[in-house]
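Reader: Please take me closely through one part of this model, the aromatic residues. Keep it brisk.

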Amino acid sequence: MRQLQDWLFARRPFDSLTRTVPTLEELLHTLSTTFGYDEFRPLQREIIETFLTGRDVFALLPTGGGKSMCFQLPALHRTGLTIVVSPLIALMKDQVDQMQAAGVAATFLNSSLDSATARSRLAGLHRGEFRLLYVAPERLMLDNWKENLRAWNVQCLAIDEAHCVSEWGHDFRPEYRQIAQLRDLLPEIPIIALTATATARVREDIVKHLRLRNPAVFVASFNRPNLTYKVLPKDEPLKQIIEWAKRREDESGIVYCASRATAERVAESLAARGYAAKPYHAGLDAAERARNQELFLRDETKIICATIAFGMGINKPNVRWVIHYDLPKNIEGYYQETGRAGRDGLPGDCLLLFSGGDIAKQTHFLDEMTDAAEQARARQQLRLMASYGQSTGCRRRELLAYFGETFPLDNCAACDNCQEPRDTYDGTVLAQKFLSCVYRCRQASRFGVGLNHVVEVLVGAKTEKVLKWGHDRLSTYGIGGDFPRARWLSVGRELQRLGYVAPGTGEFPTLELTECGLDVLKSRRPVQLTETPDLTPKAKRAPIRREGDVACDEILLAELKKLRKRLADDREVPAYVIFGDKTLRQMARDYPIRERDMHGIFGMGEKKHDEFGATFSKFIAEFLENNPRQQFNNV
């Protein structure tokens with residue numbers, strides 16, 4: 001009977017007529033025994049159950065929300081092959097490593113393999129040895145693959161990073177448009193499209209271009225409650241990053257930069273001060289880029305400095321912080337990049353270094369765009385990003401609002417504006433001086449000047465440009481000498497946030513009075529300004545403690561990480577493939593000293609229990625011979 005059943009599955013794609021959808025008990029059993037999890041994350045169960053009925057699915061889950069489980073677990077309840085379309089080689093290898101570590105028969109095919117390895121894997125696919133195949137979209141459409149796809153008993157297709165199919169998305173890839181051709185080649189198989197970030201317009205585009213048939217649509221909350229958002233005025237940014245890293249020396253972080261040169265410079269500066277930092281951008285040769293990424297994945301390099309334009313495609317769960325050195329082009333990209341922090345559900349910190357000069361640079365690049373409609377869209381995106389950076393309201397509320405979601409609380413307690421609301425003060429006199437200076441500079445020279453120049457005039461500086469343009473003879477020259485430059489820069493940014501001044505439209509980054517600003521200047525009506533936050537994070541050497549960190553024996557945790565690293569190096573995989581930080585934290589809290597005590601530890605599936613349970617329990621028992629057992633309050 002079993003052979004007949006297998007033959008039936010081999011002859012016809014899976015659908016609701018060939019097999020009953022697994023019960024919740026069966027799904028939870030697989031979740032526990034294979035992956036070591038006791039419960040589903042939000043919407044995972046509903047997505048999995050719907051997909052197993054044979055229906056097309058569109059699923060939007062935030063980064064760290066468990067998208068991969070939505071096709072990995074169904075693959076284990078189907079007889080046949082699940083094909084996963086993934087855009088990046090590194091991401092494929094990473095997910096396959098984790099699947100194999102959990103005992104799942106998974107493989108990938110891409111250009112990184114030599115011909116002998118590729119032939120061996122193709123032969124394995126023809127023999128039906130794999131449940132999951134990860135592949136790039138362009139390889140799927142090769143002519144010689146059509147017969148392969150028909151022969152491999154393909155049961156379903158999962159499109160990861162599905163926003164790549166949409167030109168309205170932040171990472172459009174033309175090759176993703178070809179995937180829809182599989183509808184004609186394999187018309188009966190269900191498709192699941194997954195993404196971590198997509199506006200309503202992008203969602204519609206995905207459904208259209210992938211030719212999803214009456215898909216069940218699941219949209220989870222975009223809220224990442226474990227992430228804290230902070231914005232600081234950019235002021236000596238290298239110093240700001242170094243001060244930030246001082247308190248996080250043992251943690252992995254990413255610094256996103258707008259240019260390759262900046263990524264190189266920041267990495268070199270950090271490395272010169274003893275931090276394990278490497279650059280990552282498209283200008284590096286493939287071997288160096290792959291090497292730097294591998295060092296980062298394996299925790300040899302703690303900090304990676306990457307260009308915003310070049311997606312990293314990593315699945316590293318223990319990135320604890322993300323810094324944006326430069327202003328992102330849009331909120332969607334910013335959300336995606338900050339989402340690389342805290343994928344394991346443990347706390348993560350996100351810092352944006354904000355500068356009005358960055359807005360001006362981006363605006364200059366937009367001026368060179370030839371497509372008027374595209375330029376208008378990009379300008380609107382940049383305005384929204386600038387508004388986020390200048391906002392004094394809840395950062396989380398603003399991010400969620402962009403995606404059409406309302407945050408239900410008045411205070412998120414996890415962004416700088418909610419944690420430390422800034423005081424306001426009567427800034428009428430300061431505003432009058434600043435706006436008047438902008439006006440006088442424009443009137444005298446017939447062209448606008450930048451923020452820094454306005455400040456130089458206000459404080460009475462004798463710079464080359466101030467003297468060359470005769471601005472030392474203006475009535476506003478030196479009238480702000482009783483305040484430092486940093487204070488005036490803050491005032492200028494605040495007035496820009498309030499809409500009293502705005503970036504000019506010319507080639508150079510300038511400030512211009514708006515109609516509203518001119519009205520304020522003439523009417524002398526009161527202006528309330530917001531105090532500037534501290535420009536640098538507190539540079540204390542003590543490691544930070546984040547709300548949400550599970551209390552545990554930190555000494556034991558450090559030793560368990562060393563053990564995990566040795567085991568990972570022996571197997572030539574990243575440490576998190578062995579166990580995630582959340583698993584080690586529970587071990588360092590519960591002290592499982594016998595192999596059977598490992599059952600129930602988060603992330604401890606059967607295969608990992610068989611392979612590592614005895615090693616870790618013995619290690620913990622030996623640790624307790626020389627160290628006291630600590631007591632923790634229940635959480």
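Predicted model: local features only at pLDDT ≥ 70, side-chain atom pairs only at ≥ 80, totals over all residues.

**Aromatic residues**

Author: Phe-403 counts as buried, because its relative accessibility is 7%. Buried means under 20% relative accessible area, exposed over 50% and partly exposed in between, with a 1.4 Å probe and protein chains only. Tyr-402 has 18% and counts as buried too.

Residues are numbered from 1 along each chain as its sequence is written, and side-chain values use heavy atoms, leaving out hydrogens and water. The mean pLDDT is 87, and 92% of residues reach 70 or more.

Phe-403 and Tyr-402 belong to one aromatic cluster with Phe-222 and Tyr-335.

Now the pairs. The structure holds 12 aromatic pairs. Rings of Phe, Tyr and Trp (its six-membered ring) pair if their centres lie within 6.5 Å; planes under 30 degrees apart are stacked, over 60 edge-to-face, the rest tilted. Tyr-334 and Tyr-388 form a tilted pair, because their planes stand at 55 degrees, with centres 5.1 Å apart. This pair links distant parts of the chain, 54 residues apart. Tyr-334 lies in helix H14 (residues 331-338), Tyr-388 in helix H16 (residues 372-390). Helices here are DSSP runs (H or I, at least four residues), numbered from the N terminus. Both Tyr-334 and Tyr-388 are buried.

Tyr-402 and Phe-403 pair edge-to-face. Their centres are 5.0 Å apart, with 90 degrees between the planes.

Note on methods:
pLDDT = per-residue confidence, 0-100. Helix = DSSP H or I, 4+ residues; strand = E, 2+ residues; numbered from the N terminus.
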